[in-house]
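My notes follow the structure.

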Amino acid sequence: MSSFTSDAKGKKSCGKRLAKAMFSHVGLFILVSIYTVAGAYIFISIEKPAEEMRYQKKRNVAMDINDATKYIISHMWYHNSLNHTKAEYHTLIMKNLAVFHEFVVTKSGDSSINYDGNVNQWDWDWTLSKSLLFTVTSIAAIGYGHISPKTFQGRVFTIFYNVIGIPLLLVFLANIGDFLANSCRYIYSRLCCRWCRIRRRINEQKKGKTVEKRSLWKDDIGFETFMPTNSVDVPIVVNLCIITVYLMLGGVLFSWWEKWGLLESVYFTFITLTTIGFGDYVPGNSFLDLSDGLTAAMKMLVTVLFCLFGMALLSMCINLMQEQLVAKSRWLAKEIGLIEEDVDPMEKYKYKKSKRGTVPETNQDRDGNKRLSLMTTHEGESTTTRTGNFSNIQEELEDL
């Protein structure tokens, strides 16, 4: 029985360790990575056969149009050798061109085949790079719209895939965002607030005593005497500067890789990190072209990490600014009279300036637990023998 109990406890402890490892920063990153890569391969297996059928259909259409073009040319050449008047020949040409135009429009009207006039050329949608971009943008709720599932099975799988993937990525971003927020608050407290702590400690130091010299990293984090780290707020301006620097970094990076302008690159970075995802700009050279081998694969990895880290960074800045924005909004609403400030009447009475003799005072022979009479007590006479008069106090409270 004891061995069975010990085995159960061992399995329980192993399960806890596994769960703790899975929901750590590294564990969630690995879990999201495996989920996106596995989803990419599943989408390829579902959608690739249908895309191959569309490619074959496009080849057939292109060959039919090429055959029709050759026939029209040979037909016109044949009638050119006959004895036609100019008007008859013009009518014949216009009639044949109208038939040819209708044939081309009918054949190439199917948008799924992406007819471009070439027989063998085809821009494959469901490659590993495009599928990985699709899975990442799907669970991140960006949705560039560069590709989409065309089959019934693919669309059904997309629904169930994102039902699990979106919460998983949100947990990952929230986890990383909290870690980044704590790190940012720690760095700001250690560096920017350090000078303020030293100046305040010097100002409040008693005369004749020197300030204790302490290393930057030896303070008890969150329990500092002045400006504790746990209560330090990173200013809104600092958060906006962090977001601006990251957007500019993305602008420089994608303008170099994608050959876009700086404004277009910053615009793409902002649209991506805010999960708007219009789809007018999609990473191509840095992500979708794997013909360069390892270099392009590294660009693909950097692009994904840049987008995920940027979303977590944006979430961090919003979390750091949220409480300050709420406090400032409440202050502004109180200043302009939209909301009334709730103040305890006793607090007003506590700080209200009163005339001497109208506020009860505790004599030296009392403990202060009971209200005293406003009537003057003779020196040495106990106030317990006198009847309390609180009329002045009640009038003051009614005036409040």
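**Confidence**

Helices here are DSSP runs (H or I, at least four residues), numbered from the N terminus. The model is predicted, so I kept in mind that local features need pLDDT of at least 70 and side-chain atom pairs count only at pLDDT 80 or more, whereas totals for chains, interfaces and linings use all residues. Residues are numbered from 1 along each chain as its sequence is written, and side-chain values use heavy atoms, with hydrogens and water left out.

For the protein I noted a mean pLDDT of 78, with 71% of its residues at 70 or more. Over residues 368–390 pLDDT stays under 50, and for this stretch the model has 33 contacts beyond four places in sequence, a contact being heavy atoms within 4.5 Å.

**H7 and H8**

I then took the axes of H7 (residues 262–273) and H8 (residues 294–335), which come within 9 Å and cross at roughly 65 degrees; axes are lines fitted to C-alpha atoms over the stretch in contact, with angles from 0 to 180 degrees between N-to-C directions. H7 and H8 are therefore roughly perpendicular to each other (65 to 115 degrees, with under 35 roughly parallel, over 145 roughly antiparallel and the rest oblique). On the H7 side the contact is made by Thr269, Thr272 and Leu273, and on the H8 side by Phe306, Cys307, Gly310, Met311 and Leu314.

**H2 and H4**

The axes of H2 (residues 25–80) and H4 (residues 128–139) come within 8 Å and cross at roughly 120 degrees, and H2 and H4 are therefore oblique to each other. Among the residues that meet, I listed Tyr35, Ala40 and Phe43 in H2 and Leu132, Phe134 and Ile139 in H4.

**Aromatic pairs**

I counted 20 aromatic pairs, where rings of Phe, Tyr and Trp (its six-membered ring) pair if their centres lie within 6.5 Å, and planes under 30 degrees apart are stacked, over 60 edge-to-face and the rest tilted. Tyrosine 246 and phenylalanine 309 have ring centres 6.0 Å apart and planes at 45 degrees, so this pair is tilted. The pair links distant parts of the chain, 63 residues apart, with tyrosine 246 in helix H6 (residues 236–258) and phenylalanine 309 in helix H8.

Definitions and conventions: Helices (H or I, at least four residues) and strands (E, at least two) are DSSP runs, numbered from the N terminus. pLDDT is the predictor's confidence in each residue, from 0 to 100.
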